[in-house]
Amino acid sequence: MKQHNELSFVDYQRGTDKIGVGTAGFGIFFILFGTLLYFDSVLLAFGNLLFLTGLSLIIGLRRTFSFFFQRHKLKGTSFFLGGVAVVLLRWPLLGMILETYGFFSLFRSFFPVAFGFLGSTYNIPFLSALFQRLQGTSSMV
């Protein structure tokens with residue numbers, strides 16, 4: 001019989017998933033906020049560190065390393081992590097350009113799936129009604 005003060009691995013994993021989603025979300029927020037404030041290097045660096053920490057908390061350290069260091073993704077990984085390093089060295093514009101190229105290189109196989117999902121949102125009942133309502137209310141200003 002399980003006592004109340006014992007944590008199983010599943011409970012621990014759920015807790016780190018929630019913390020990871022929050023951490024990655026704050027990372028994305030700080031990256032966007034740092035970009036809006038004319039590439040503030042401190043906010044961008046903090047956002048990068050939070051995002052990578054959140055990603056490793058969500059999927060685990062082993063999966064994070066295996067994702068980034070696959071043979072066919074080494075070019076994207078080097079640009080992405082190199083961009084993070086350049087941002088940490090206070091060259092934010094160059095670092096964000098390198099990170100963006102690395103991000104698109106790393107996730108290029110995911111984009112067709114994401115765009116396919118976005119294309120299928122028209123088939124969801126609530127969203128299709130919303131899209132039809134928005135389509136009919138276009139006005140010239």
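Figure 1. The unreviewed UniProt entry carries the annotation "transmembrane region" for residues 21–39, 45–65, 77–98 and 110–131. UniProt positions follow the numbering used here, feature names are shortened, and annotations may be inferred rather than shown by experiment. The structure is a predicted model, in which local features need pLDDT of at least 70 and side-chain atom pairs count only at pLDDT 80 or more, while totals for chains, interfaces and linings use all residues. Residues are numbered from 1 along each chain as its sequence is written, and side-chain values use heavy atoms, with hydrogens and water left out. Residues 21–39 are 84% helix and 0% strand, and their end C-alpha atoms lie 24 Å apart. For residues 77–98 the end C-alpha atoms lie 10 Å apart, and the span is 86% helix and 0% strand. Helices (H or I, at least four residues) and strands (E, at least two) are DSSP runs, numbered from the N terminus.

Figure 2. Helix 4 comprises the 15 residues 74–88. The expected span of a helix is 1.5 Å times one less than its number of residues; for helix 4 this gives 21 Å, which agrees with the 21 Å between its end C-alpha atoms. Its buried residues (under 20% relative accessible area, where over 50% is exposed and in between is partly exposed, with a 1.4 Å probe and protein chains only) are Gly76, Thr77, Phe80, Gly83, Val84, Val86 and Val87. These buried residues pack against helix 2 (41–59), helix 3 (61–68) and helix 5 (92–106). Arg90, with a positive phi near 70°, follows helix 4.

**Figure 3. The loop between helix 1 and helix 2.** Tyr38 is found in the loop between helix 1 (9–36) and helix 2. Although Tyr38 is not a glycine, its phi is positive, about 55°. A relative accessible area of 76% makes Tyr38 exposed. Phe39 is found in the loop between helix 1 and helix 2, and it has a positive phi of about 55° although it is not a glycine. Phe39 counts as partly exposed, at 29% relative accessibility.

**Figure 4. Aromatic ring pairs.** Rings of Phe, Tyr and Trp (its six-membered ring) pair if their centres lie within 6.5 Å; planes under 30 degrees apart count as stacked, over 60 as edge-to-face and the rest as tilted. The count comes to 10 aromatic pairs by this rule. Phe103 and Phe104 have ring centres 5.9 Å apart and planes at 75°, so this pair is edge-to-face. The rings of Phe103 and Phe107, with centres 4.7 Å apart and planes at 45°, form a tilted pair. Phe103 is partly exposed at 32% relative accessibility, Phe104 is partly exposed at 44%, and Phe107 is partly exposed at 22%. Ring pairs link Phe67, Phe68, Phe80, Phe103, Phe104 and Phe107 into a cluster.

**Figure 5. Nonpolar cores.** A nonpolar core is a set of buried Ala, Val, Leu, Ile, Met, Phe, Trp, Tyr and Cys residues joined through side-chain atoms within 4.5 Å. The largest nonpolar core has 9 residues: Ala24, Phe51, Leu52, Leu55, Phe67, Phe68, Phe80, Val84 and Leu106. At least two residues of this core come from each of helix 2, helix 3 and helix 4. Helix 2 supplies the largest share, 3 residues. Another core, of 5 residues, lies apart from it and includes Leu44, Ala45, Val87 and Met96.

Terms used. Contact means heavy atoms within 4.5 Å.
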